[in-house]
Amino acid sequence: MNNSRVDNNPQRRSKNLAILALMLALTIFFCFQPIPIPGGVTLAFMILPLLIIAQGYDFKMTIILAVLMATINQIAWYTTKAASPLASIWQNPIVCMIPRILIGVASYFMGYGLRKAFLHPKYEEGENGVKILVNSKEIYAKDSIISGISTAVGVVVNTFFCGLFTVLLYNGRILTNGTQIGIEYVLTWFGINFVIEIISFTLIVPPIILALRKARLVPQPVMGKERNME
């Protein structure tokens, strides 16, 4: 297991481009085709590809997908979602785009910092002086926990800033369905989705990252200082 983000060979770049294209396609699908679940709740599955990229790849890929996802989501609110009573709120790029971009920034840097702090490869010298990693299981286990924590941070950031900007910009406004925007409405509106999203995505992302790492479709995690076996 090597420090992941130093692999810049052409094969890795090709894989990264293919994964980015796949995640973008999933993002477009989820933006224009929301997936409802029982109880009338619609989860923001469109952020799932971004959460995966933020935990598996570098910041460049993360911010590219974050900006694209935010832009596509904005377009959706002017097209397929324009008839929604909430459209006038989500058509504001401050509410719609900025929190989406911050998902990638927050999730990526939380994961990067935690991995640097808590992932330390341990090597022992094998035949012909070749170094052998001896704590891969420990690293994978910690990496999964870090992926879950960083994913949760991304969900929290998204919900917090969407709610904050909605209250700051639209408090007191009455929607076309007669609903008045206020703190209580925003807490209720975002609260149910938030609880379901933070649980769902925190459980979904880590096993996906682990599987992709083991299949070498995702680079190995960035790690802190190397520790040699005594």
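Which helix does Ile94 lie in? Ile94 sits in helix 5, residues 93-96; helices here are DSSP runs of H or I with at least four residues, strands are E runs of at least two, and both are numbered from the N terminus. The model is predicted, so local features need pLDDT of at least 70 and side-chain atom pairs count only at pLDDT 80 or more, while totals for chains, interfaces and linings use all residues. Residues are numbered from 1 along each chain as its sequence is written, and side-chain values use heavy atoms, with hydrogens and water left out.

Back to Ile94: with 35% relative accessibility, Ile94 counts as partly exposed, a label for values between buried (under 20% relative accessible area) and exposed (over 50%), using a 1.4 Å probe and protein chains only. Ile94 also belongs to a nonpolar surface patch with Ile98, Val156, Phe160, Leu164, Leu168 and Leu169, and together they have about 590 Å² of accessible area. Such areas come from the Shrake-Rupley method with a 1.4 Å probe, and for residues only the protein chains shown count as cover. Patch members have over 30% relative accessible area and no salt bridge; nonpolar side chains (Val, Leu, Ile, Met, Phe, Trp, Tyr) are joined within 5 Å, like charges within 9 Å. A salt bridge would be a side-chain nitrogen of Lys or Arg within 4 Å of a carboxyl oxygen of Asp or Glu.

Helix 7 gives the most to this patch, five residues. Its 35 residues should span 51 Å at 1.5 Å a residue, and the end C-alpha atoms are 50 Å apart, which agrees; the expected span is 1.5 Å times one less than the number of residues. After helix 7 comes Gly172, with a positive phi near 95°.

Met69, in helix 3, is buried at 0% relative accessible area. Leaving out residues up to four places away in sequence, Met69 touches Thr27, Cys31, Met46, Ile47, Leu50, Arg100 and Ile103, where contact means heavy atoms within 4.5 Å.
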